[in-house]
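Thanks, everyone. I'll take one structure and walk through a pocket, a helix pair and a salt bridge.

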Amino acid sequence: MLTRTVRIPRFFYVNKGSITKINEILNLEKVESTRTVIVSGKNFTKSVGDLVQRSIEGDSSRVDVENNDIQSIKEVENVIKIFEPSLVIGTGGGKVLDITKFCAYKLNKPFLALPTVLSNDGISSPVSVVQTEHGVSSIGTNPPIGIIVDIDIIRKSPKSTILAGIGDLISNFSAIEDWNLASKHVGEKIDKFAEILSRNSVEGFMQYLIRNGSSLLDEHTLISLAEGLIQSGIAMSLAGSSRPCSGSEHLISHALDKLLNHAKPHGLQVGLATLFTHTLRKRDISDLTALYRRIDFPDTPEDLGIQMSTFMDAIRNAPATRKDRFTILNLVSDKEIKEAIKIAYGR
Ligand SMILES: [Zn+2]
């Protein structure tokens, strides 16, 4: 019987003050860290980079980047080539982590991720979204060797980024339903392990939030969110595609990215679209809507600053953004779409 090998990070620590314990963690995990390159952003994450540099033993070199563009990639690559570190550490949001992961992969160095926001489920992924000569591309890389999330740092991140992380996690409910529909209608194979992980990641978080009625900045809420997003990433690594965590709601978000001059945060777009795709499937969304209102998550397109006509265009354009992905949008009429919009968003 054949088994499979999945590449995922070796370790994951999430706690208060975990960055200040980085030495202990690296020693415990037997990670060679005598020479490190620390990459951060230029604003708040620069101070986190300083904290990492103060907390870690051995020699280190720093580079601060602003974007995930070609110039920033060259800067990071140059520092790694000159300093020859045994470990490359990225601390920041998605862009900083993406270019650090990409450069470390290109130069064959292990990469440690220290996210400063929890805005999406890409933290543990073996993919980097960076700018190339051909535009923005998703490039296959190695996953991070480990992930350290410091809740004291996450607590200082903008509330919109925490909401975006929640939206990306909640969208798993919709993605799993689409995966099952694809299995039923076009015979797509479901990876049961990935499906269970994806579902448990969001159910665990929702149960915590509903049972405890806790605030978004509560330590355990944030730990539960970090754990959920990391589990989602592992589900995608297991499946070898984004399928367990990306269905029709993600296609609508991709269409919005193309229609809007300035797209809204990914997690907010997919969380909002989940209300609609769930309604299309005749699911009861009252619990979800009540939760959105309680945590101030946008529950209509207008709430997120998107005109309803643009949102409708995005729904119609959505299937074309990824033709190989069968979803509920392949099965419904324009009339059903309009009715679901009315129920989902009260319009
Ligand atoms: Zn997503």
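Start with the second largest pocket, which holds about 170 Å³ of space. Keep in mind that this is a predicted model.

Which residues line the second largest pocket? Phe 173, Met 206, Ile 210, His 278, Arg 283, Asp 284, Ile 285, Asp 287 and Leu 288. By class, that lining has five nonpolar residues, one polar and three charged. Helix α7, residues 192–212, gives at least two of the lining residues, and so does α11, residues 286–295.

Now the helix pair. Look at α6, residues 159–186, against α10, residues 266–280. Their axes lie 7 Å apart, at an angle of about 35°. The crossing of α6 past α10 is left-handed.

What makes the contact? On α6, the contact residues include Ser 160, Leu 163, Ala 164, Gly 167 and Phe 173. On α10, they include His 266, Gly 267, Val 270, Thr 274 and His 278. The contact counts six nonpolar, 10 polar and two charged residues.

Two names come up again here. Phe 173 and His 278 belong to the helix contact, and Phe 173 and His 278 also line the second largest pocket.

Last, salt bridges. How many are found in the whole structure? The search gives 19. Take one of them: Asp 152 with Lys 16, at 3.5 Å from N to O. Asp 152 sits in helix α5, residues 151–154, and Lys 16 in the loop between β1 and α1, so this pair ties together parts 136 residues apart in sequence.

That's my tour. Over to you.

Key. Residues numbered from 1 in each chain as written. Predicted model: local features only at pLDDT ≥ 70, side-chain atom pairs only at ≥ 80, totals over all residues. Heavy atoms only, no water. Axes fitted to C-alpha atoms, helices over the stretch in contact; angles between N-to-C directions. Helix = DSSP H or I, 4+ residues; strand = E, 2+ residues; numbered from the N terminus. Left-handed = near helix turned anticlockwise from the far one by under 90°. Contact = heavy atoms within 4.5 Å. Nonpolar A, V, L, I, M, F, W, Y, C, P; charged D, E, K, R; others polar. 1 Å grid on protein atoms, 1.4 Å probe; cavity = no way out; pocket = protein on both sides within 12 Å on 5 of 7 lines; lining within 4 Å. Points joined across faces, edges and corners; volume = space filled by probe spheres on them. Salt bridge = Lys/Arg side-chain N within 4 Å of Asp/Glu carboxyl O.
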